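Subject: Structure handover and findings

Hello,

Here is the structure we talked about passing on. Please open it next to this note; my findings follow below.

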Amino acid sequence: MDFTFHIPTKINFGPGTLETLASEKLPGKRALLVVSAGPTMRKQGYLDRTIELLKRNNVSCVVFDKILPNPINKHVMEGAAMARAEGCDFVIGLGGGSSIDAAKSIAVMAVNPGDYWDYIGGGTGKGLPVPNGALPIVAITTTAGTGTEADPWTVITHEERNEKIGYGLIPETFPTLSIVDPKLMLSVPPHLTAYQGFDAFFHAAEGVLANIATPLGDALALQSISLIAKWLPTAVNDGANLEARTQIALANTLSGMVESVSSCTSEHSMEHALSAYHPELPHGAGLIMLSRAYFTYFAGKTPERVSRMATAMGVDTHGLDDAQAATAFVNAMVALQTACGVGGLKMSDYGIARDDAPKLAANAFANMGGLFTLDPYTLTMEDATQIIADAWR
């Protein structure tokens, strides 16, 4: 029952809230505006609108537009160099989780010496203390998946070492302001809507599973799971449905809060290993691939934790014991994936071989081993290898 609730981010939530960027008190006067290397932010007009709103708020900006779907160390360092050269006093992430995560990491390196990996605690990172904190961060999310607008965490891949590792400074890499405008999410295609929605789902589900779960985190997580179970199929199949987009955006922000008061567990470590070796694999897709085997394993080991999520999925648990309710949760989760058109994802379609399972498990422990300590049941390397192998098809 002991917990600390500290989320020092102002969140402007709701359709049309992007316009508040013109009037909000911002943490600086010149921004590095971080966007992806893809065409979406320009094609949809989001970049130009953001720049115009900043101008109305007497804020200038320079655009850094190299961010990949799985953002890399090289681009963090390039973005930080641009921020320094251009005299930027804060950083804005505009886009999905990759752009906002990259903005957080750039904000750290804009004011600190050396290489970003000097400060990373896992893998080949040096785990050095950060002397100068970070520039202030503003997050403008155009997707509903990572919840990074409501937490301090950022995930970056070292492209030369196959290391994909989460990192964050508390409170410095919490955004000072986050704008969650579901109207910006109407253009997300169905498959990405599903991948992102399930990323939010697993942030919540793992937050309930974690051995540091709290009553407050559970309340946020179970509400998120309930919203996703009800609304994600509609958002996937009718992307123009603003109510569905708003409900999934809310679920995503709640899941980000779960990340701030509880934690992910080793499912995320395993997926980071998958996409560290296969950066073309969307994070949410990798989680979906792992999920049946992963949650089936924990349904057998800690059914009392998994069963808590069955009712949130709409399962009638009357008369079911914990083991039966835990199994019912897994079945409902798989059915939801089918309803969202992502039930047939295969690791083999991304070049992942079943024989890679030992290598992937070792990578997960080496680079994101901390999350394994937050599982409700301690996994061995052999356990993790077996889960990955069981998830393969």
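Contact here means heavy atoms within 4.5 Å. This is a predicted model: local features need pLDDT of at least 70, side-chain atom pairs count only at pLDDT 80 or more, and totals for chains, interfaces and linings use all residues. Residues are numbered from 1 along each chain as its sequence is written, and side-chain values use heavy atoms, with hydrogens and water left out.

Start with K104. Leaving aside residues up to four places away in sequence, K104 touches I137, T148, D151, P152, W153, T154, T173 and P175. K104 sits in helix α4, residues 97–109. Helices (H or I, at least four residues) and strands (E, at least two) are DSSP runs, numbered from the N terminus. The relative accessible area of K104 is 0%, so K104 is buried (buried is under 20%, exposed over 50%, partly exposed in between, with a 1.4 Å probe and protein chains only). The K104 side chain reaches the backbone oxygen of D151 at 2.6 Å.

Next, helix α2, residues 46–56. Its buried residues are Y46, L47, T50, I51, L53 and L54. These residues are on the same side of α2 because they cover an arc of only 165° around the axis, taken from the directions from the helix axis to the C-beta atoms. An α-helix has 3.6 residues a turn, so residues three or four places apart point the same way. The face turned away from the buried side carries the exposed residues D48, K55 and R56. Among the elements covering the buried residues of α2 are β2 (30–36), α1 (40–43), β3 (60–67), β4 (90–95) and β5 (137–141).

Two backbone points involve asparagines. N58 follows α2 and lies in the loop between α2 and β3. Phi of N58 is positive, near 60°, in a residue other than glycine. N58 is exposed, at 60% relative accessible area. N162 lies in the loop between β6 (154–158) and β7. Phi of N162 is also positive, near 55°. N162 counts as partly exposed, at 26%.

Also check P171, in the loop between β7 (163–167) and β8 (177–180). The peptide bond from I170 to P171 is cis, with omega near 10°.

On a 1 Å grid over the protein atoms alone, a cavity is a set of points where a 1.4 Å probe fits but cannot get out; a pocket is an open set with protein on both sides within 12 Å along at least five of seven lines; lining residues have an atom within 4 Å of a point. Points are joined across faces, edges and corners, and a volume is the space filled by probe spheres set on them.

How many cavities of 30 Å³ or more are there in the whole structure? The search finds one. The volume of the largest cavity is about 70 Å³. Its lining is T143, A144, M185, V188, T193, Q196, A235, R245 and I248. Helices α5 (190–209) and α7 (242–261) each supply at least two of the lining residues.

The second largest pocket holds about 230 Å³. It is lined by 14 residues, with I288, M289, R292, G343 and R393 nearest its centre. Helix α9 gives the largest share of that lining, four residues.

Regards

How values were computed
A polar contact is a pair of N or O atoms within 3.5 Å; within protein, one must be able to donate a hydrogen and the other to accept it, and residues adjacent in sequence count only if both atoms are side-chain atoms.
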